[in-house]
Amino acid sequence: MPENVTNVHVPQCLWAQRDDIVYLTVAVEDVDKPEVKLEDNTLLFKGSAHNQSYELNIEFFKPINKEESKWGVYAQKHWMFILKKQEKGPYWPRLLKESKRVHWLKADWNKWKDEDDEDEEESGPQGAGDFDSMFRQMGGLGGMGGMGGMGGMDDLPDLNDMEEKEDSDDEKLPDLEENTENKTEA
């Protein structure tokens, strides 16, 4: 850690889950020399950013499969963990083993799906557990070597080459008429 780093803070985290996966986002940008240690029951994340030191040390509600879990930086900012649950089954009532509420952990409503919605998702690539394609769809694993950034953008048209066509919004609007019914003399 750099010498000018102040005291250690717990980073803000967001989480969501499916019946077989837990999503965890560590919301710290530009982490310098991150240290990640993932075990079946715990996660240790350390690093510094903008002269601030961060450390996250959590014990999961139930074990995860560390060999099938993945993590990295997405959108070149936050750390994303896709943690494979050891046991597929009902949703966990919470992420942490301890039931005490913590101020730094919140639900990630952008990724959250109710257990009832699981059937609809299983036909898609995310339901199949294809973590690599899921990371690519979210903007790549910017922090992991050899992985590109946002893919799939090659087939978009170049906006500078588009011909100017008249649009229905381009019609001339009529002049405004003055309302004389309720007008009073001064």
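Trp-79 is buried, with a relative accessible area of 9% (buried means under 20%, exposed over 50% and partly exposed in between, with a 1.4 Å probe and protein chains only). Phe-45 is buried too, at a relative accessible area of 0%. This is a predicted model, in which local features need pLDDT of at least 70 and side-chain atom pairs count only at pLDDT 80 or more, while totals for chains, interfaces and linings use all residues. Residues are numbered from 1 along each chain as its sequence is written, and side-chain values use heavy atoms, with hydrogens and water left out.

**Aromatic pairs**

- The structure holds 7 aromatic pairs; rings of Phe, Tyr and Trp (its six-membered ring) pair if their centres lie within 6.5 Å, and planes under 30 degrees apart count as stacked, over 60 as edge-to-face and the rest as tilted.
- Phe-45 and Trp-79 make an edge-to-face pair, because their ring centres are 5.6 Å apart and their planes stand at 65 degrees.
- Phe-45 sits in strand β5 (residues 42–49) and Trp-79 in strand β8 (residues 78–85), so this pair ties together parts that are 34 residues apart in sequence.
- One aromatic cluster is formed by Trp-15, Tyr-91, Trp-109 and Trp-112.

**The sheet of 5 strands**

- An open sheet of 5 strands runs in the order β7-β8-β3-β2-β9, with mixed pairing; strands are DSSP runs (E, at least two residues), numbered from the N terminus, and two of them pair if DSSP finds at least two bridges between them.
- At the edges stand β7 (64–74) and β9 (105–107), each with a single partner strand, so one side of each has no neighbour in the sheet.
- Neighbouring strands here are turned by 25 degrees against each other on average, direction ignored (axes are lines fitted to C-alpha atoms, and angles run from 0 to 180 degrees between N-to-C directions).
- Strand β2 (residues 13–17) pairs with β9 in the parallel sense over 3 bridges, and Trp-15 has Ala-107 in β9 as its bridge partner.

**The sheet of 4 strands**

- Another open sheet has 4 strands in the order β1-β6-β5-β4, again with mixed pairing.
- Its edges are β1 (8–9) and β4 (32–38); each has a single partner strand, so one side of each is left without a neighbour in the sheet.
- β1 and strand β6 (residues 52–59) run parallel, joined by 2 bridges, and Val-8 has Ser-53 in β6 as its bridge partner.

**Confidence**

- The mean pLDDT of the protein is 77, and 63% of its residues reach 70 or more; pLDDT is the predictor's confidence in each residue, from 0 to 100.
- Over residues 123–128 pLDDT stays under 50, and the model has 12 contacts beyond four places in sequence for them (contact means heavy atoms within 4.5 Å).
- Residues 141–153 also have pLDDT below 50, with 15 contacts in the model beyond near neighbours in sequence.
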